[in-house]
Amino acid sequence: MVDVTADDPTADWTSPGVFEVVPGIHRIPLPLPNDGLRAVNVYAIAAGDRLVMIDSGWAIEAAREQLAAALAALGAGFGDVERFLVTHVHLDHYTQAVALRREFGMPIALGKNEQPTLNVISRDRTDESGSPFEERLRAAGAESLLARLAAAGRRPVDPSIWEMPDDWLTDRDNLQVGDRQLEAIATPGHTRGHLVFRDDAASLLFAGDHVLPHITPSIGFEGAPVDFPLRDYLDSLRLVRALPDTRLLPAHGPVAGSTHARVDALLEHHDHRLEIIYGMVERGATTANEAAGLMTWTRRERTLAELGLFNEMLAVLETMSHLDVLVLQGRLVVTVVDGTKRYAVAA
């Protein structure tokens, strides 16, 4: 039996349960498979005698069971979900909505700019060899990492877990949810079509992975990448910072009192990271892979080799995103040699 309790931001945010953020809005943490994040928050918003969900969780049995128990504690079931509003297309946010729609028919709404990625990942794949990020890793000079990824093999991708949404949302769309009005705001960076949902009257921001209280989101990890995901992400942070402050309702981590405070910290973090990576080029690194290898990662100050293959790939790609922003700032120059980007300090 799941109890409904008041949300305590000092408690373990990953603990199963139903947590009231404000009357009519409940945070429901759902488990993730083999993921260091451990959980993803979905939010249930009262809409008359039904519920609208912000994000859905990963389409795994444990998440389905936990969501069913949480809805039951609210006196509801899957058939009472009126609609899913999804912040972005990653597995832990989108795929359970697809699975539940097949059974219960509730519509799904997603940012319009996620369509190119869905076009890529939903098509039938017959060749499961290599990395889906091969071209970018070659551009990063990460040939050794590519070889190790190939040797490890890829988990088969099941295209059937991906489907198109019922509704495409665009920037500044207004959505009526019960007696609340949410504004969908385009915040590209983490993905090209990421949205946040802002309840201006209640000063709440359903932030997805755009603003996270304890970690920085990966940048541009998607099937149809853009050229400058970090530039887009920083612009999106500044856009949110220019709006009136709100409580932060994130996808990973506890609810926080100020979105602005966390945005300021994220902008400072990336400014600091840009300086570090610029310093790596001054020390002689010419590729993203070389620069990433000279740095330490996570709060534990791990080396690149200590991260594990998947997180090593994210680190190298994130480093390349920072290098590309330094090029845009005119501090570095880049040349492409045999498909690899080589960076140098601008004269």
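Which strands does helix H2 (residues 91–104) lie across, and at what angle does helix H2 run to S7?

1. Basis. This is a predicted model, in which local features need pLDDT of at least 70 and side-chain atom pairs count only at pLDDT 80 or more, while totals for chains, interfaces and linings use all residues. Numbering starts from 1 along each chain as its sequence is written, and side-chain values use heavy atoms, with hydrogens and water left out.

2. Helix H2. Helix H2 lies across S3, S4, S6 and strand S7 (108–111), and runs at about 150° to S7. Helices (H or I, at least four residues) and strands (E, at least two) are DSSP runs, numbered from the N terminus. Axes are lines fitted to C-alpha atoms, for helices over the stretch in contact, and angles run from 0 to 180 degrees between N-to-C directions. Contact means heavy atoms within 4.5 Å.

3. Sheet. The 8 strands form an open sheet with mixed pairing, in the order S1-S2-S3-S4-S5-S6-S7-S8. Strands S1 (4–6) and S8 (167–169) stand at the edges with a single partner strand each, so one side of each is left without a neighbour in the sheet. From one strand to the next the twist averages 30°. Two strands pair if DSSP finds at least two bridges between them.

4. S1 and S2. Strand S2 (residues 18–22) runs parallel to S1 and is joined to S1 by 3 bridges. Phe19 in S2 is the bridge partner of Thr5.

5. Helix H1. Helix H1 (residues 61–73) packs on the sheet and touches S1, S2, S3 (25–31), S4 (39–47), S5 (50–54) and S6 (81–85). The direction of H1 makes about 155° with that of S3.

6. Salt bridges. The whole structure holds 19 salt bridges (a side-chain nitrogen of Lys or Arg within 4 Å of a carboxyl oxygen of Asp or Glu). Arg101, Arg102, Glu163 and Asp166 are linked in a network of them.

7. Asp264 and Arg241. The closest N and O atoms of this salt bridge are 2.7 Å apart. Asp264 lies in helix H7 (residues 259–282) and Arg241 in helix H6 (residues 229–242), so the pair ties together parts that are 23 residues apart in sequence.

8. Two further pairs. Arg138 forms a salt bridge with Glu143, with the closest N and O atoms 2.7 Å apart; for Asp232 and Arg231 the distance is 3.3 Å. Asp232 counts as buried at 17% relative accessibility, whereas Arg231, at 36%, counts as partly exposed. Buried means under 20% relative accessible area, exposed over 50%, and partly exposed in between (1.4 Å probe, protein chains only).
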